[in-house]
Amino acid sequence: MPLKAYMTNLWFLALALQSLLALVLLAKRAWNKFPVFLGYSVFNLCAAAALYMVHGSRVTYFYTYWTCEAIGLILGFGVVYEIFGTILVPYPALRRVATVVCRTAIILLLVLGAIVIGAQSSGERNQIMASILVAEEATRIVELGLLMFLFLFSSAFGLHWRQSAFGITLGLGLFTAVELAAVTLRNHLGTAATQTFGVVRILAFNTSLVVWLGYLLAPERVTSNADVPKTAQLEQWNQAVMELISR
Amino acid sequence: MMTVIVIALALFAVVLFYTAVRSRRKQTGQIRPVDLKAFRTLMDRDDELFLRGKLPRSKFFHLKRQRIRVTLRYVARIAANASAVLRMGEAARLSPKPEVAQAAAQVLELATQIRLQCLIAMGKLAMEYAMPSLQLTPGMLAPKYQSLRENVSRLGDLQTQNRAPLATAI
C-alpha cells in the first residue's frame with residue numbers, strides 16, 4: 001500500500017477512535033472529573049476534521065495545522081495540571097511538598113527547553129518552519145518532563161492512581177514521547193522526513209487513543225485490604241533479621 | 001549531540017511509562033510486618049561507633065555495607081506499608097463520623113511524612129553505602145513509624161470495621 005493511502009486510512013481510524021473516545025467521555029460524564037481532558041479530546045476531534053477539510057489547500061493546511069498544534073499543546077499542559085490535582089486530592093498533606101518539587105521541575109525543564117532552542121541545529125531550509133519545529137521540540141520536552149515527573153513523584157510517594165487518571169497520563173505520555181522523538185528527527189533530517197514524521201505521529205496518536213479508551217472502559221480495580229500476616233511469619237522474619245545482624 | 005540527548009530522553013520516558021504499568025499491575029496493597037526493635041538496633045549509631053573502634057577498617061566497611069543493605073530493606077518495607085496505609089486512609093477520611101475522619105487525616109499526614117522520611121533515609125543510606133566512613137543518622141523514622149502504628153490502632157478502634165489487627169501487623 002502506498003504511504004499516502006496508508007496515511008489516509010490511519011487518519012480515518014484516528015477520526016473513528018476520537019469520536020468513540022468523545023462518546024465514552026460524555027457517557028461517563030467526564031466533565032465532572034476531567035473537564036480539560038474532555039476539552040482536549042473534543043478539540044483534537046474537531047482539529048482532525050478541520051484538517052481533513054482543508055487538506056487540499058497547502059497554505060491553509062499549514063496555518064490550520066500549526067494553530068491546532070499550538071492549542072493542542074496548551075490543552076496538553078492543562079491535562080497534566082488536571083491530573084496533578086486529581087492524584088493529590090486524597091493527600092492534602094503532600095500538596096506543599098508536591099508544589100515545591102513541581103515548581104523546581106518546571107524551572108529545570110524550562111532551562112532545558114531554552115538550551116534546546118539555543119543549541120539545536122536544524123536541517124530545515126525554511127527558517128519559519130525551522131523555528132516552529134525547534135519551539136515545538138522545546139515545548140514537548142517540558143510537557144514530557146512534567147508527565148515523567150508525575151510518574152516519578154507518585155512512585156516515590158507510593159500514591160494510588162485511579163484507573164482513568166493513570167490511563168490518561170499514560171496515553172498522553174506515550175504520544176508526547178513519540179512526538180518529541182519524531183519532531184526532533186524531522187528537525188534534524190529536514191523535509192526528507194516529512195512523510196515518515198506524519199505516519200509516526202498519527203500511529204502514536206492512534207495508540208494513545210486506544211490506551212485512553214482501554215483504561216476508561218476497563219472496570220476500576222478494587223484495592224485489596226491489607227493482608228494481616230500470621231504470627232509465625234513475623235517470628236520467622238525477625239529471626240532471619242537477627243541472624244543477619246549477629247552474623 | 002542535542003538530537004541524541006532529546007531522543008534518549010524520549011526513550012527513557014517510554015521505559016519509565018512501561019515500568020509504571022508493570023508496577024501498577026504488581027501493586028497489592030499488602031501490609032508486611034516490621035520489627036521496630038531490630039530496625040532500631042540497625043540504626044543505632046552507638047553500636048556503629050563501637051564496631052568502628054573494635055574492627056579493622058576494611059572489615060568495618062564490609063560490615064557497615066551489609067548493615068546498610070538490611071536497613072534499606074526495612075526502610076523499603078516501612079515505605080510500602082506507609083503507602084498501603086495512605087490508600088486505606090483515603091476511604092476513612094471521607095467517613096461521615098467526624099472523629100473517624102479526623103483520625104484518618106492524622107494517619108494520612110503521618111504516613112505522608114514517613115514516606116518523605118523514607119526517601120531521605122534511602123538517599124542517606126545510599127551515600128553511606130558509597131562512603132562507609134560517613135555517618136548520616138536517619139534516626140527520625142523509627143519513632144514516626146511507632147506513632148503511625150498507634151494512630152492506625154486508634155483509627156481501628158473508632159471504626160466499626162476494626163482495624164486493630166492491621167496496627168499490630170505493621
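Helix 5 of chain A covers residues 95-119, a run of 25 residues; helices here are DSSP runs of H or I with at least four residues, and strands are runs of E with at least two, both numbered from the N terminus. From its first C-alpha to its last, helix 5 of chain A reaches 35 Å, close to the expected 36 Å, where the expected span is 1.5 Å times one less than the number of residues. This is a predicted model, in which local features need pLDDT of at least 70, side-chain atom pairs count only at pLDDT 80 or more, and totals for chains, interfaces and linings use all residues. Residues are numbered from 1 along each chain as its sequence is written, while chains are lettered from A and ligands numbered from 1 in the order in which they are written.

Helix 5 of chain A packs against helix 6 of chain A (residues 127-156) at about 155 degrees, with the axes 9 Å apart. Axes are lines fitted to C-alpha atoms, for helices over the stretch in contact, and angles run from 0 to 180 degrees between N-to-C directions. The two helices are therefore roughly antiparallel, the word for angles over 145 degrees. Residues in this contact include A98(A), G113(A) and V116(A) of helix 5 of chain A and G145(A) of helix 6 of chain A; a contact means C-beta atoms, placed from the backbone, within 7 Å.

Chain B has seven helices and zero strands. Its mean pLDDT is 77, pLDDT being the predictor's confidence in each residue, from 0 to 100. Confidence in chain B is highest in helix 1 of chain B, at a mean of 87, and lowest in helix 7 of chain B, at 52.

Key
Angles under 35 degrees count as roughly parallel, over 145 as roughly antiparallel, 65 to 115 as roughly perpendicular and the rest as oblique. Two residues are in contact if their C-beta atoms, placed from the backbone, lie within 7 Å.
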